[in-house]
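Me: I have not seen this one before. Can we go through it piece by piece?
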Amino acid sequence: MVVFEKPHALADVPLHYCPGCTHGIVHRLVAEVIDELGIEGKTIGIAPVGCSVMAYNYFNCDMIEAAHGRAPAVATGVKRANPENIVFTYQGDGDLASIGMAETVHSAARNENITIIFINNAIYGMTGGQMAPTSLPGQITQTSPYGRDTDHCGFPIKVCEMLSQVDGAQYLERVAVNNVKNVKNAKKAIKKAFQNQVEGKGFSLIEVISTCPTNWGLTPKKALEWVDEKMIPYYPLGVYKDNTAKKEAE
Amino acid sequence: MAKLTFKTDKCKGCGLCVDVCPKKVLTLAADKINAKGHHPVEAVNMDDCIACAFCATMCPDCIITVER
């Protein structure tokens, strides 16, 4: 009996991510959810710019590559033109919380019926470890070698907390993938976000606290511990908004 | 009887599976190098494996198949 195998929606190719990068785990969770809901044939994914720019090679569903930060705008167009399709975006923190902030907030405000998977690893990974909008106060990066100084660089953006104030957003949850329990919770959250879209319940965003061992300068194991010690205290896990139960009652 | 299958050529030797295994079944093969130049994972005492699939759950590259 097979206990665990690669989901069908995940392409059988080597991922280009660094050793120990949890992007691969989140890719797999998304693919597992697509398999379980049986929506591979009608799912369209929108790939971002960033480390996950080549996500279009890794899923067996149709994929579109968006301009930097514009994945929610592209998803809006795809979903409005083809409402029967399931549309998700897969974005990092540089893409979603920096250059694509306007698209993110406005797609939430319009309550587009799309699913956003947001990877928050507190750093710009692809370009070599510069400070991101989500970098923690005091965090050492290439462009903050003495630690992020909040007097000079401001404070990190907490996307789930911010979007919970936007009336259009329907489901917001922050999860992590640094241990087995959190991975299982992350899968539940991602499944709910896709299920919401299937049922027409509106805008869902799942923020996944991820790791960047290479640019954090840590081993993969230490990076998972760093998530527990530094990331989760600043970015508490949990459901930030859930209007979907209320919609059912109506 | 549990069975683990590894796609060894895709392994990047990050060791997350080794750390998460509750029965210490896995190790990184110090005497082997795969096509990518990493020391790949291997099972050293399969008799202890309980097929919990924790290793596969944490593997970022999805190289592990778990059977029981």
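Me: What stands opposite A:V2 in strand 4 of chain B?
Reply: That is B:E67. The model is a predicted one.

Me: And which residue is the bridge partner of A:F4 in strand 4 of chain B?
Reply: B:V66 is the bridge partner of A:F4. Strand 1 of chain A and strand 4 of chain B, residues 64–67, are joined by two bridges and run antiparallel.

Me: What order do the strands of that three-stranded sheet have?
Reply: The order is 1(A)-4(B)-1(B), in an open sheet with antiparallel pairing. Strand 1 of chain A and strand 1 (3–6) of chain B stand at the edges with a single partner strand each, so one side of each has no neighbour in the sheet. From one strand to the next, the twist averages 30°.

Me: How many residues are in contact between chain A and chain B?
Reply: On chain A there are 22, in contact with 23 residues of chain B. Four elements of chain A each supply at least two residues of the side that touches chain B: strand 1 (2–4), helix 1 (23–37), helix 7 (180–198) and helix 9 (220–234).

Me: Which helix gives the most to that side of chain A?
Reply: Helix 1 of chain A, with four residues.

Me: How do the residues on that side divide into nonpolar, polar and charged?
Reply: On the side of chain A that touches chain B, 14 are nonpolar, four are polar and four are charged.

Me: Let's switch to chain B by itself. How many helices and strands are in it?
Reply: Chain B has two helices and four strands. Starting at the N terminus, its elements run β-α-β-β-α-β.

Me: How compact is chain B?
Reply: As compact as a globular protein of its length, because its radius of gyration of 11 Å is close to the 11 Å that the globule rule gives for 68 residues. Its C-alpha atoms fill a box of roughly 30 × 20 × 20 Å along the principal axes.

Me: What share of chain B is buried?
Reply: Buried residues are 40% of the 68 in chain B. As for its contacts between residues at least 6 apart in sequence, 62% join residues at least 24 apart.

Me: Now chain A. What does its secondary structure come to?
Reply: Ten helices and eight strands. The radius of gyration of chain A is 17 Å, close to the 18 Å given by the globule rule for 250 residues, so chain A is as compact as a globular protein of that length.

Me: What box do the C-alpha atoms of chain A fill, and how many of its residues count as buried?
Reply: The box is roughly 50 × 45 × 30 Å, taken along the principal axes. Of the 250 residues, 54% count as buried. Among contacts in chain A between residues at least 6 apart in sequence, 67% join residues at least 24 apart.

Me: There is a sheet of seven strands in chain A. What is its order?
Reply: It is an open sheet with the order 3-2-4-5-7-6-8, and the pairing is mixed.

Me: Which strands stand at the edges there?
Reply: Strand 3 and strand 8 (238–242) of chain A do; each has a single partner strand, so one side of each is left without a neighbour in the sheet. On average, neighbouring strands of this sheet are turned by 15° against each other, direction ignored.

Me: Do strand 2 and strand 3 of chain A run parallel or antiparallel?
Reply: They run parallel, and four bridges join them. One residue to look at is A:I44, whose bridge partner in strand 3 is A:D62.

Me: Which strands of that sheet does helix 2 of chain A touch?
Reply: Helix 2 packs on the sheet and touches strand 2, strand 3, strand 4 and strand 5 of chain A. The direction of helix 2 makes about 175° with that of strand 4 of chain A.

Me: Which residues of helix 2 are buried?
Reply: In helix 2 of chain A, residues 71–81, they are A:A71, A:P72, A:A73, A:V74, A:A75, A:T76 and A:K79. The elements of chain A that these buried residues pack against include helix 3 (93–99) and helix 4 (101–109).

Me: Back to helix 7 of chain A. How many residues has it, and what does it reach?
Reply: Helix 7 of chain A has 19 residues and reaches 27 Å from first C-alpha to last, close to the 27 Å expected at 1.5 Å a residue. Its buried residues include A:V183, A:I190 and A:F194.

Me: What comes just after helix 7?
Reply: A:G200, which takes a positive phi of about 70°.

Notes. Residues are numbered from 1 along each chain as its sequence is written. Chains are lettered from A and ligands numbered from 1 in the order in which they are written. This is a predicted model: local features need pLDDT of at least 70, side-chain atom pairs count only at pLDDT 80 or more; totals for chains, interfaces and linings use all residues. A residue is buried if 20 or more other C-beta atoms lie within 10 Å of its own, exposed if 12 or fewer, and partly exposed in between; C-beta atoms are placed from the backbone. Two residues are in contact if their C-beta atoms, placed from the backbone, lie within 7 Å. Ala, Val, Leu, Ile, Met, Phe, Trp, Tyr, Cys and Pro count as nonpolar, Asp, Glu, Lys and Arg as charged, and the others, Gly among them, as polar. Two strands pair if DSSP finds at least two bridges between them. The radius of gyration is taken over C-alpha atoms; the globule rule is 2.2 Å times the number of residues to the power 0.38. The expected span of a helix is 1.5 Å times one less than its number of residues. Axes are lines fitted to C-alpha atoms, for helices over the stretch in contact, and angles run from 0 to 180 degrees between N-to-C directions.
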